[in-house]
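Please read them with the sequence and the structure open.

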Amino acid sequence: CGQENAWRRNYFLFIFSFSLFFIFFFKQKTAYEIYQCDWSSDVCSSDLITKSERNGDKVAVLFLDMDKFKHVNDSLGHVVGDQLLRIIAERIGLCIRKGDTIARLGGDEFTIIMAGIDNIEDVTHIAQKVLKKLSESIFIETYELTPSASIGITIFPDDGNTVDELLKNADIAMYRAKSRGGNCYQYFTEDMTAQAIEYLEIQNSLSQALKNQEFEIFYQPRIDMATKKICGMEALLRWHSKTMGLVMPEKFIPVLEGSQQIVDVGIWVLRQACEFNQSLINKGFPLISVSVNLSARQFRDQMTLDAITDLLQQYGSLQGFLEVEITETLLVENIDMAADIMQQLHRLGVSIAVDDFGTGYSSMNYLKRFPIDALKIDRSFVADTPADQDDVAIVQAVIALARSLNMHSIAEGVETKEQSQLL
């Protein structure tokens, strides 16, 4: 009986692998590389599903996508990128069970097929093992890389009855993992389908939002805690969709940042912020700084730097009063590139603030190396002060750190008198 069950699992695995190959052979233009596969049957996927249902077998499909792999290709070249992918494939191979299948589907996507699943915890264990192994540093030429991945997981027959459906749902789950910041796994759930549809609706509507003048900028004031006067403001992008109404930033900003459109919208935000600040000066208000958030894609794109240069030439009085906010994660992705861009911004008179300080890498090394002017204390550390003494200690430590490095400190989300007194 045990041998028969083992034979059935292997048979299922072979057929499922063949089905995957058949689908992606016709759908992918790039080479399809298999790192461990065994083709032994030409039985169609419908037969595969029928046999699986009859035998009560479960199969897990893990859809793996490398986080920010495009950055490696763009900054270090395709030769380094290809070497990295080969090492990634080898590492994944070290994590799977004997008889499991790993396939590269083109680009930076991999699929792991686990047949004969008796316990879902086995799938979780493999996903955790893969993520841990991938996070170990990789040295290629003179570069040290620390890769990570997002994994979406579906289970047959719970999450689909066809190969196409399982892959589609695993892909949806993978994007959910990526939206959580990457370097994690996510099982598919039914509500993700509705969310995937919403994502596509937002994506399609965003494509015309700038042209249709649907964006608006709100300005959040900054208060100098010593003088209690407004000393600056932050430009916040808002979207009034003609078809969806007011869309919350947490819904549309990640979609926008995932496309090249973020560069065009970002330049529009920069222009609006400079025009608004100039209008305040024209009305007799004192000159204050205006801060604009830059995503990783904007920060690296030459068009953003060129736009800032042009705007500061056009609005000469704003030199020294424009600030850009970047994240800690962005700084460590490519240290040399980040340092070069930040030096160019500084030469233009642009101040640089590290947004959400304390939630990312928080490396003391980059605080010393990069020309940083301000640290923004994330609202998650401010919200529960002064009641939470741990948060109080963190906030005070960041303020002291910034002061010792001759930087400004900015606390986000201050809403009560007690919080302002703490600062």
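The points below go from the whole chain to one strand and then to the cysteines.

1. This is a predicted model, in which local features need pLDDT of at least 70, side-chain atom pairs count only at pLDDT 80 or more, and totals for chains, interfaces and linings use all residues. Residues are numbered from 1 along each chain as its sequence is written, and side-chain values use heavy atoms, with hydrogens and water left out.

2. The chain has 17 helices and 16 strands, taken as DSSP runs (helices H or I, at least four residues; strands E, at least two) and numbered from the N terminus. Of its 423 residues, 45% are buried (under 20% relative accessible area, with exposed over 50% and partly exposed in between; 1.4 Å probe, protein chains only).

3. Among contacts (heavy atoms within 4.5 Å) with a separation of 6 or more, 69% join residues 24 or more positions apart.

4. Strand β15 (residues 374–377) is covered on both faces: Ala 374 and Lys 376 are buried on one side, Leu 375 and Ile 377 on the other. In a regular strand, side chains alternate between the two faces of the sheet.

5. β15 pairs (at least two DSSP bridges between the strands) in the parallel sense with strand β14 (residues 351–357) over 3 bridges. Ile 377 is the bridge partner of Phe 357. β15 also pairs in the parallel sense with strand β16 (residues 408–411), over 4 bridges; there, Ser 409 is the bridge partner of Leu 375.

6. The disulfide count (cysteine sulfur atoms within 2.5 Å) is 0. Cys 274 is buried at 1% relative accessibility, whereas Cys 231 is partly exposed at 37%.
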